[in-house]
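This briefing goes through one protein model, topic by topic. Look at the sequence and the structure before reading on.

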Amino acid sequence: VQLQASGGGLVQPGGSLRLSCAASGNILRIGDMGWYRQAPGNQRELVARISGSGSTNYADSMQGRFTISRDNTKNTVYLQMNSLKPEDTAVYYCNAGMLSRLSGRWGDYWGQGTQVTVSS
């Protein structure tokens, strides 16, 4: 069971990026999914989370600029980021609670991280 994030890159201030994170492996069920980020010298912080039924919550500084969504048919979570600012520069990590078909247990899984750099 693993998560694979993609979509990061370099973007100018005010620009947009869309991150994707696909879950794969022997998965029985996926619970909450989310995005976190970590800038150099800072702790990892919540960006947004989405439940299996689609309920969302966002960090205050991302509210209105970022949108989290998921496609349960593709086991994928997305993060649409608009009006990006230099302070959004960070490594973005996806996270999901997943029930393993092999172990029969829920686990907390993290993707490998994708770099987002906002700079002119």
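Predicted model: local features only at pLDDT ≥ 70, side-chain atom pairs only at ≥ 80, totals over all residues.

Is A59 buried or exposed? A59 is buried, because its relative accessible area is 18% and buried means under 20%.

**Confidence**
- The mean pLDDT over the chain is 95, and 100% of the residues reach at least 70.
- Strand β8 has the highest confidence in the chain, with a mean of 98, while β1 has the lowest, with a mean of 94.

**Surroundings of A59**
- A59 sits in the loop that joins β6 (56-58) to β7.
- Apart from residues up to four places away in sequence, A59 touches L46 and V47.
- G9 is 50 residues from A59 along the chain, and the two C-alpha atoms are 22 Å apart.

**The largest nonpolar core**
- This core has 31 residues.
- The members that touch the most other members are W35, V47, F66, I68, L79, M81 and Y92.
- At least two core residues come from each of β1 (2-6), β3 (17-24), β4 (27-38), β5 (45-50), β7 (66-71), β8 (76-81), β9 (90-100) and β11 (114-118).
- Strand β9 contributes the most, with 5 residues.
- In soluble globular proteins, nonpolar side chains tend to be buried together.
- Once neighbours within four places in sequence are set aside, the contacts of L79 include W35, V47, F66, I68 and Y92.
- L79 is also in contact with L17, R18, L19, A48 and T67.

- T114 belongs to strand β11.
- T114 counts as buried because its relative accessibility is 10%, and the cut-off for buried is under 20%.
- A polar atom of the T114 side chain is 3.1 Å from the backbone nitrogen of G8.
- Leaving out neighbours within four places in sequence, T114 is in contact with A5, S6, G7, G8, L19, A90, V91 and Y92.
- N95 is part of strand β9.
- N95 is buried too, with a relative accessible area of 3%.
- The N95 side chain comes to 3.1 Å from the backbone oxygen of Y109.
- Not counting residues up to four places away in sequence, N95 touches several residues, among them L3, D32, M33, D108, Y109 and W110.

**Aromatic rings and a charge**
- How many aromatic pairs does a search of the whole structure find? The search finds 1.
- R44 lies over the face of Y93, 3.8 Å from the centre of the ring.
- R44 also lies over the face of W110, where the distance to the ring centre is 4.7 Å.

- N75 is not a glycine, yet its phi is positive, at about 50 degrees.
- N75 is located in the loop between β7 and β8.
- N75 counts as partly exposed because its relative accessibility is 26%, which falls between the limits of 20% and 50%.
- S83, another residue other than glycine, has a positive phi near 50 degrees.
- S83 is located in the loop between β8 and β9.
- With a relative accessibility of 42%, S83 counts as partly exposed.

Key
Residues numbered from 1 in each chain as written. Heavy atoms only, no water. Core = buried A, V, L, I, M, F, W, Y, C linked by side-chain atoms within 4.5 Å. Buried < 20%, exposed > 50% of the residue type's maximum accessible area, 1.4 Å probe, protein only. Helix = DSSP H or I, 4+ residues; strand = E, 2+ residues; numbered from the N terminus. Contact = heavy atoms within 4.5 Å. pLDDT = per-residue confidence, 0-100. Phe/Tyr/Trp six-rings, centres within 6.5 Å; stacked < 30°, edge-to-face > 60°. Lys NZ or Arg CZ within 6 Å of the ring centre and 35° of its normal. Polar contact = N/O pair within 3.5 Å; in protein donor to acceptor, adjacent residues only side chain to side chain.
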